[in-house]
Amino acid sequence: MAKILTLTLNPALDITVSLDALRPGHVNRAQDQHSHAAGKGLNVAQVLADLGHSVTVGGFLGQDNLQPFEALIRWRGFADCFVRVPGETRSNLKLVEADGRVTDINGQGPQVDEAACEALLRLLEQVAPQHDAVVVAGSLPRGISPDWFARLLEQLKGQGLKVALDSSGAALRAGLDSAPWLVKPNTEELGEVLGLDVHSAAEQQAAAQRLLATGVEHVVVSAGEQGVSWFTAGRTLHAQPPQVRVASTVGAGDSLVAGMVHGLLLAEAPLQTLRRATAIAAQAVTQVGFGIRDREQLARLEAAVQLTEQQEARR
């Protein structure tokens, strides 16, 4: 198996509240509540660990609420590459309704100063070259500029790592300039950063071709229950996941990223890579929390994924 670094610059304590139906402006009574140390890179790390990889986690953590994050790192056996900064790591509230709809209320992370930024870069200079790939995922905390983020990705790429990027907005736009090995936007994120409509298969393909032309090797576009499209030079694959009972959509994209990185680093057949990654993402929406919990269920979901190869759209 591989040794993989995941970076979560703006982690969060996810508080997931399950309720029958959200009634804004009224008292709502929860059916269940869970809290998880989370953030996109940490979510990816948990799935990668379940797939057998050795994982290092890093980024920034607020000093005032370290306990749940340090407990997760110990429990999972992750190597810890987080820089501690003053303040609290943010809390994100996820309101999950019975029909699967999720309302997110995301807090602000701590202010990250220049000294912390430089500390992380110095730490990564020492640690990153020991890894086969790095997954950089999630939003930017306060104090982090897109320019610094681009510098971080260029450093990682210059150290010889395969860089997988899963972000949005200004962070995704800045990250694309470094031509990562893999990017995983959803249709909304891809459309926003390129200023295009990417709802149809042809529109997604046209957008992906723009990224591939800049040097990105793998463009993975997720579209919820409409499936996943994987674009590489000369080939486009599409996976349609099976229908499942939705408990929460939180973490589905992170699970997809983990599955793709797993298959690519093991040099598996492309169809198998996409099939398993799509099944892992489908399993993620059936549960609250992160990781592969039921291998038998995952095998059933894999068998039910429908794979097709798409023809290049005519210009």
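This is a predicted model: local features need pLDDT of at least 70, side-chain atom pairs count only at pLDDT 80 or more; totals for chains, interfaces and linings use all residues.
Select Asp80 first. Asp80 is partly exposed, at a relative accessible area of 38%.

**Charged pairs across the chain**

Side chains of opposite charge can pair when their charged atoms come close. The count for this structure is 10 salt bridges.

Select Lys94 and Asp104 next. Their side chains meet in a salt bridge, with 3.0 Å from N to O. The pair links distant parts of the chain: Asp104 belongs to strand β7 (residues 102-106) and Lys94 to strand β6 (residues 90-97), 10 residues apart. Colour the two by accessibility. Lys94 has a relative accessible area of 9%, so Lys94 is buried. Asp104 reaches 43% and therefore counts as partly exposed.

Move to Lys40 and Asp166. Here the salt bridge spans 3.3 Å, N to O. Lys40 sits in helix α1 (residues 40-50), and Asp166 sits in strand β9 (residues 162-166). The two are 126 residues apart, so the pair links distant parts of the chain. Which end is buried? Asp166 is, with a relative accessible area of 2%. Lys40 is partly exposed, at 29%.

Lys40, Asp166 and Asp254 are linked in a network of salt bridges.

**The largest pocket**

Rolling a probe the size of a water molecule over the atoms shows where empty space is left. The largest pocket has a volume of about 1500 Å³. To find its centre, select Asn186, Thr249, Gly251, Ala252 and Gly253. Of the 49 lining residues, these are the closest to the centre.

Which elements supply at least two residues of the lining? Show β2 (12-19), α1, β6 and β7, then α6 (187-194), α8 (252-265) and α9 (270-284). Colour the lining by class. There are 22 polar, 15 nonpolar and 12 charged residues.

**A stop in β2**

Select Ser18, which is found in strand β2. Its relative accessibility is 17%, so Ser18 counts as buried. Show its contacts. Leaving out residues up to four places away in sequence, Ser18 touches Ala30, Gln31, Asp32 and Val96.

**The cavity**

The structure holds 1 cavity of 30 Å³ or more. About 30 Å³ of space lies in this largest cavity.

Select its lining: Leu9, Asn10, Pro11, Phe60, Leu61, Val85, Thr89, Pro110, Val112 and Pro141. By class, 8 of these residues are nonpolar and 2 are polar. What is the number of charged residues in the lining? There are no charged residues.

**The aromatic pair**

Keep Phe60 selected; Phe60 is among the residues lining the cavity. A search of the whole structure finds 1 aromatic pair.

Phe60 is in strand β4 (residues 54-62), Trp148 is in helix α4 (residues 146-158), and they are 88 residues apart. Are the two partners buried or exposed? Phe60 is buried, with a relative accessible area of 2%. Trp148 is buried as well, at 9%.

Finish with the backbone. Most residues other than glycine have a negative phi, and most peptide bonds are trans.

Select Ala179. Its phi is positive, about 50 degrees, although Ala179 is not a glycine. Ala179 is placed in the loop between α5 (169-176) and β10 (182-183). Ala179 is buried, with a relative accessible area of 11%.

Then select Ala267. Its phi is near 55 degrees, again a positive value in a residue other than glycine. Look for Ala267 in the loop between α8 and α9. Both of those helices supply at least two residues of the lining of the largest pocket. Ala267 is exposed, with a relative accessible area of 67%.

Terms used. Residues are numbered from 1 along each chain as its sequence is written. Side-chain values use heavy atoms; hydrogens and water are left out. A salt bridge is a side-chain nitrogen of Lys or Arg within 4 Å of a carboxyl oxygen of Asp or Glu. Helices (H or I, at least four residues) and strands (E, at least two) are DSSP runs, numbered from the N terminus. Buried means under 20% relative accessible area, exposed over 50%, partly exposed in between (1.4 Å probe, protein chains only). On a 1 Å grid over the protein atoms alone, a cavity is a set of points where a 1.4 Å probe fits but cannot get out, and a pocket is an open set with protein on both sides within 12 Å along at least five of seven lines; lining residues have an atom within 4 Å of a point. Grid points are joined across faces, edges and corners, and a volume is the space filled by probe spheres set on the points. Ala, Val, Leu, Ile, Met, Phe, Trp, Tyr, Cys and Pro count as nonpolar, Asp, Glu, Lys and Arg as charged, and the others, Gly among them, as polar. Contact means heavy atoms within 4.5 Å. Rings of Phe, Tyr and Trp (its six-membered ring) pair if their centres lie within 6.5 Å; planes under 30 degrees apart count as stacked, over 60 as edge-to-face and the rest as tilted.
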